Amino acid sequence: MSSTDQAAPQPPMPMPTRPERRSAPTILHKAKALQDRWPILQIVLLIAVFIYGTSTIEGFSTWPSIKLILVLAAIAGIASMGQTLLILMGGFDLSVAGFIVAGGLFTLSVRNEYDLSFGVALIIVLFVAALMGAAAGNICHRFNIQPLIVTLAMGTLAVGIVQVQTAGGSGYVEGGSAPPWLSKLVSPGSSTLGVSVPPVVAIWALLAVLFGFFLYKTRQGRQLLATGANPRAAEYSLIKTRRVWTLAFAFSACASVLVGLLVAGFSGSINLTAGDPYLFQSVVAVIVGGTVFGGPGDYWRTVVGALFLTVVSVVLVGNGATPAAQQIFYGVAILFGVSLYGRGRRLRDRV
Amino acid sequence: MAVSEASAPLIPSRRPAPLRILRRYSFAFALLLTVVLLIVNMLTSTGGFGWTAQLAVFAPLALAAMASTPAILSGGGGFDLSISPLMVFTSAAFAAWFVPAGLDGPIVVPLMLALGASVGLANGLLIAILRVQPVVVTLSTYFVLIGVNMAVLPNSVTVSDNWTANLAGTVGPIPGALFLILAPLAIWALIGLIPYRRQLMAVGSNDAAAFSSGVNVVAVRVGAYALGGMFAGIGGLAMIALEKSASASLSTTYTLLAIAAVALGGTSLWGGRGGLIGAVFGAATVYLLSNLLQTLQIDPAWLQVLYGVVLIVAVLFGGLTQRANTAATS
């Protein structure tokens, strides 16, 4: 992968300096090093945007409003889990939206056509999603193809397969609404074990801890990071990189299916375009958080990215921004994020 | 990937004939599919094939595929995801800016080309200057352009009957869409007369080697995105001619289809091999397949499934031929 041949983070040097002439680290270098370690800029911006929101929008910093922001951030954050994993590994997932829609539609409405219970429907859709994700990862690795292309195909295929089961391909089935417990799970008004925090936020916090543990403290997590850092070296260290790719893509597809349930629970129903915003958000959250293709990075950075993204979106909408402006913001945020962290090597350094 | 390709046979075996033809003419497979599908389509269609109308519907897809090709040829993970929204953006500019400003007639054509080329150029410069993966840069321009399209076209704008109708109809006895499809091919052929096209292929095959041989890799890559953007400008014209209107909701229509067409057309997704003719035949294959589905009156929802499957098959086909090629040459 071209994405993985980048060197360890290096300070951008305006001129090629020889090692012996390198001057003492300036404040700028220190700041850059610190920024590489911690997403300080993002947190400062997050606080700044939050303060701006408090001053311009009535009741922005009240607890109910913060709970709503947390729920939105939690859904975006959970939707970015698979994306974080894949980007760390040097992959990319454009099928997030497709699997969200497929998962939500099948478990909520299409199952009624076959008289399946919720649980059985969920197992079926998870199984199929895992198979399709695994196929995507395997194809990408086997033929060294841009993951973007294969996942684009898989996402379209996933939606298509569910869509053809609805009446006339309308994507609508009678009686397709979220079960009450699901709505309660993501409702900003509900509480977890008596504490006034929505359950989905508590789940997100738990997942963030588990994810961090998985990535850095388990063998599989380490293998994934090694695959992202240098696939060739990982292969020489007897890591089966193709298996890592296959499993990671399967995980991402399944995670997206589960997010489909959360999305359906949050909005009460699901339609064919319900997944699109989460595709954008997952990419933006990971990249703005400072996770780079092939690593380094971490899930808690994505958590910061998701919070930042959500607060900015809410402030934008609260100040009357159109969906068009939000869309443009997503694009610019990605560019800004990658130019901060994800720059490749100069060609002359690769010769 | 080099790891798994190390198992090539030591003694090069003689390649089977189909592979030899494919190696020489990378578009041969798509050409074969096009011919077969065309015959099937003409046999199944009732009441004549309707060349003029069919070509008009086909033109935007063919142009999207051709516009996606230069970036892919330039290698290094080169890829332009923003072609489809860019086509809509140029059509939006036509319907919402140029026509109301009284700019009518063929004078708009260079404007559309320049607009497309400048967005492509911006893509290329961002990729070259920021040194960020092309996929990421064009994904963000994809988002930005969709947003811009929504802002420029809150509602779809209808273009009242003007000269572009000829491009979807006929110019004299010739279907107008042919001009649109042939324009990029003519430009591509002209570029073949200067060193640029060879340099593009060299950069796509091995950028470090091209750099060592004195090719200005950055300029060649930036040029590829600008060229693709220019073709997208022609695509915008084709969309206007077909739809007689511009609508932001069409922004992502051709994203997947264009990639599928390019891959089917034999252009290597790793860069350096292929060309515009392959993209046209690849697009023809995709178009004729979906056309066949409609003639057979199959539920339109199946189109989604078909497109997904076609793209995966195209990618697998590309991967397998590439592998066969490397195995046979090493």
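Colleague: How many salt bridges does a search of the whole structure find over all chains?

Modeller: Keep in mind that this is a predicted model. Side chains of opposite charge can pair when their charged atoms come close. The cut-off is 4 Å from a side-chain nitrogen of Lys or Arg to a carboxyl oxygen of Asp or Glu. Over all chains, the search finds one salt bridge.

Colleague: Which side chains meet in a salt bridge, at 3.3 Å from N to O?

Modeller: The pair links distant parts of the chain, 14 residues apart. One partner lies in helix H11 (residues 217-243) of chain B, the other in helix H10 of chain B. The N to O distance is 3.3 Å, and the side chains are those of B:Arg221 and B:Asp207.

Colleague: How many salt bridges are counted between chain B and chain A?

Modeller: The contact takes 50 residues from chain B and 53 residues from chain A. Across this interface there are three residue pairs in polar contact. For salt bridges between chain B and chain A, the count is zero.

Colleague: How much area do chain B and chain A bury between them?

Modeller: The size of an interface is often given as the accessible area lost when the parts come together. Here, 76% of that area is on carbon and sulfur atoms. Between them, chain B and chain A bury about 4500 Å².

Colleague: Which element gives the most to the side of chain B that touches chain A?

Modeller: Several elements give two or more residues to this side, including helix H5 (108-130), helix H6 (134-152) and helix H12 (255-264) of chain B. The residues of this side divide into 35 nonpolar, eleven polar and four charged. The top giver supplies 13 residues, and that element is H14(B).

Colleague: What is the volume of the largest cavity?

Modeller: Rolling a probe the size of a water molecule over the atoms shows where empty space is left. The structure holds six cavities of 30 Å³ or more. The largest cavity has a volume of about 140 Å³.

Colleague: Which helix gives the most to the lining of the largest cavity?

Modeller: The lining of the largest cavity has 14 residues, and among the closest to its centre are B:Gly318 and B:Thr321. By class, the lining has five nonpolar, eight polar and one charged residues. The biggest share is five residues, and they come from helix H14 (residues 301-329) of chain B.

Conventions
Residues numbered from 1 in each chain as written. Chains lettered and ligands numbered in written order. Predicted model: local features only at pLDDT ≥ 70, side-chain atom pairs only at ≥ 80, totals over all residues. Heavy atoms only, no water. 1 Å grid on protein atoms, 1.4 Å probe; cavity = no way out; pocket = protein on both sides within 12 Å on 5 of 7 lines; lining within 4 Å. Points joined across faces, edges and corners; volume = space filled by probe spheres on them. Helix = DSSP H or I, 4+ residues; strand = E, 2+ residues; numbered from the N terminus. Nonpolar A, V, L, I, M, F, W, Y, C, P; charged D, E, K, R; others polar. Contact = heavy atoms within 4.5 Å. Buried area = accessible area lost by both parts, 1.4 Å probe. Polar contact = N/O pair within 3.5 Å; in protein donor to acceptor, adjacent residues only side chain to side chain.
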